[in-house]
Amino acid sequence: MRTKIVLRSGKDQSLRRYHPWVFSGAIKKIYGPLSEGDVVDVEDNKGEFLGMGHYAPGSIAIRIISFSRVDADRDFWKQRFVAAYLMRKEMKLAGNPETNAWRLVYGEGDLLPGLIIDYYAGMLVMQFHSVGMYRQRERFAELLREIMGDEIIGIYDKSAATLPFKADIKPRDEWLYGKKQKEAEVLEYGNHFLVNWTEGQKTGFFLDQRENRKLIRRLSKGKEVLNLFGYTGGFSVYALRGGASHVDTVDSSRKAIDLSKINAEINFGKDAPHRGIVADAFDYLEKSGNNYDLIILDPPAFAKHNNVLPNALQGYKRLNEKAFRKIRPGGIIMTFSCSQVVSRENFRKSVFVAAANAGREVKILFQLSQPPDHPVNIFHPEGEYLKGLVLRVG
Ligand code: SAH
């Protein structure tokens with residue numbers, strides 16, 4: 001018998017609309033033993049079954065894995081992984097000779113809450129965000145090998161920093177299978193990138209910007225380009241590929257900038273018109289932002305929680321206003337927010353205020369989002385986090 005969790009009256013509505021989270025405040029009573037990571041049944045206060053999921057002692061108390069009563073056995077999980085993999089095949093990511101870096105599993109978007117898996121030229125890099133999923137990591141590694149066969153050369157678990165509570169487990173970053181390789185040169189639309197998953201940020205590369213980087217290639221011919229918050233130079237390589245006359249990558253991380261230089265070099269040689277600059281993006285823009293026709297703004301999430309939302313919006317306004325003041329007439333700004341708690345509308349409003357304050361004429365050319373290997377479960381709008389605007393500044 002699974003432990004049963006009964007919800008307070010009225011707190012069943014979101015589950016009836018298939019939203020996959022139960023917040024701790026919605027819980028009325030717990031029947032049975034309960035520890036972090038257990039699979040529990042959820043019922044309304046009249047005894048009707050609503051779903052089953054993994055329990056965690058946080059604000060998100062239960063992450064639903066199924067809205068019907070099933071055995072969460074090997075076959076159940078295998079089906080979910082097969083579905084995720086086949087969708088990447090259908091989207092021409094898996095098995096594509098030009099692109100071998102993509103996200104295999106995006107949490108709730110793939111009905112695998114609490115799990116992220118990225119694929120880098122044969123290496124799977126897993127990040128667990130829930131103990132319920134983490135407890136099955138060996139089983140998951142085995143299933144993935146079964147499904148993907150020799151498309152996988154290794155499986156690396158990088159969850160030491162992502163598991164929130166950790167109960168009685170001591171997660172370590174370690175290989176679960178295969179080659180103990182730390183980095184690889186991957187391909188994205190034919191561009192080469194050196195990705196180091198053991199030392200890099202997150203799983204090593206920001207795969208979510210793939211389609212937006214591709215758009216930069218189209219916009220950069222003959223342009224002086226500034227890539228702010230550039231990390232390992234993803235956008236910079238595409239700008240160079242598109243024929244930019246010069247590209248500057250700015251990031252506060254020395255390691256990131258070193259990699260951006262390597263990436264420019266492996267694609268275009270030592271004489272590529274690229275500079276990597278270690279600096280604070282705000283300072284750089286203030287002091288040296290005057291000479292650019294194309295500016296990319298891809299900052300880290302300014303808000304991780306709702307309570308700092310006003311500060312975050314202020315941050316986006318400040319950053320974009322600086323860029324509007326600096327960019328050359330006729331220039332283009334590609335600006336992003338990856339904060340989950342900042343809505344598309346709020347982000348656009350911040351950029352609107354920034355444009356008004358700077359007194360520039362601004363047109364929206366493209367509205368950008370995340371690619372299909374970061375799918376958004378329609379019942380879980382929180383999964384949509386990446387928002388971007390391409391703006392023409394008069
Ligand atoms: N555009 C990148 C991803 C950016 S991630 C890509 O496509 O791969 C955000 C980056 O901002 C990180 O590399 C981080 O080191 C950098 N960063 C954070 N705060 C910064 C600041 N104040 N100034 C400059 N860079 C900063």
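Helices (H or I, at least four residues) and strands (E, at least two) are DSSP runs, numbered from the N terminus. The model is predicted, and local features therefore require pLDDT of at least 70, side-chain atom pairs count only at pLDDT 80 or more, and totals for chains, interfaces and linings use all residues. Residues are numbered from 1 along each chain as its sequence is written, and side-chain values use heavy atoms, with hydrogens and water left out.

F23 is placed in strand 2. With a relative accessibility of 41%, F23 counts as partly exposed; in this scheme buried means under 20% relative accessible area, exposed over 50%, and partly exposed in between (1.4 Å probe, protein chains only). Although F23 and S59 are separated by 36 residues in sequence, their C-alpha atoms lie 5.5 Å apart in space. When neighbours within four places in sequence are left aside, F23 is in contact (heavy atoms within 4.5 Å) with S59, I60 and A61.

T3 is found in the segment that precedes strand 1 (4–7). T3 is buried, its relative accessible area being 9%. The side chain of T3 reaches the backbone oxygen of P33 at 2.4 Å. Beyond its neighbours within four places in sequence, the contacts of T3 are I30, Y31, G32, P33, L34, V40 and D41.

Most residues other than glycine have a negative phi. In Y18, by contrast, phi is positive, near 65°; Y18 lies in the loop between helix 1 (13–16) and strand 2 (21–23) and is partly exposed, with a relative accessible area of 41%. K92 likewise has a positive phi, near 60°. The loop that holds K92 runs between helix 2 (74–90) and strand 7 (101–106), and K92 is exposed at a relative accessible area of 59%.

Helix 8 spans residues 281–288, and A281, F282, Y284 and L285 in this helix are buried. Viewed down the helix axis, the buried residues of helix 8 fall within an arc of 165°, so they line one face of the helix; the arc is that of the directions from the helix axis to the C-beta atoms. The cover over these buried residues includes strand 14 (224–228), strand 15 (246–251), strand 16 (274–278), strand 17 (294–297) and helix 9 (309–326). At the N-terminal end, helix 8 is capped by D280, a side-chain oxygen of which lies 3.1 Å from the backbone nitrogen of F282.

A polar side-chain atom of Q201 lies 3.0 Å from an oxygen atom of the ligand, and an N or O atom in the side chain of R213 is 3.0 Å from a ligand oxygen atom. On the backbone side, a polar atom of F229 is 3.4 Å from a nitrogen atom of the ligand. Of the 590 Å² of accessible area that the ligand has on its own, the protein covers 88% (Shrake-Rupley method, 1.4 Å probe).

Definitions and conventions:
Polar contact = N/O pair within 3.5 Å; in protein donor to acceptor, adjacent residues only side chain to side chain.
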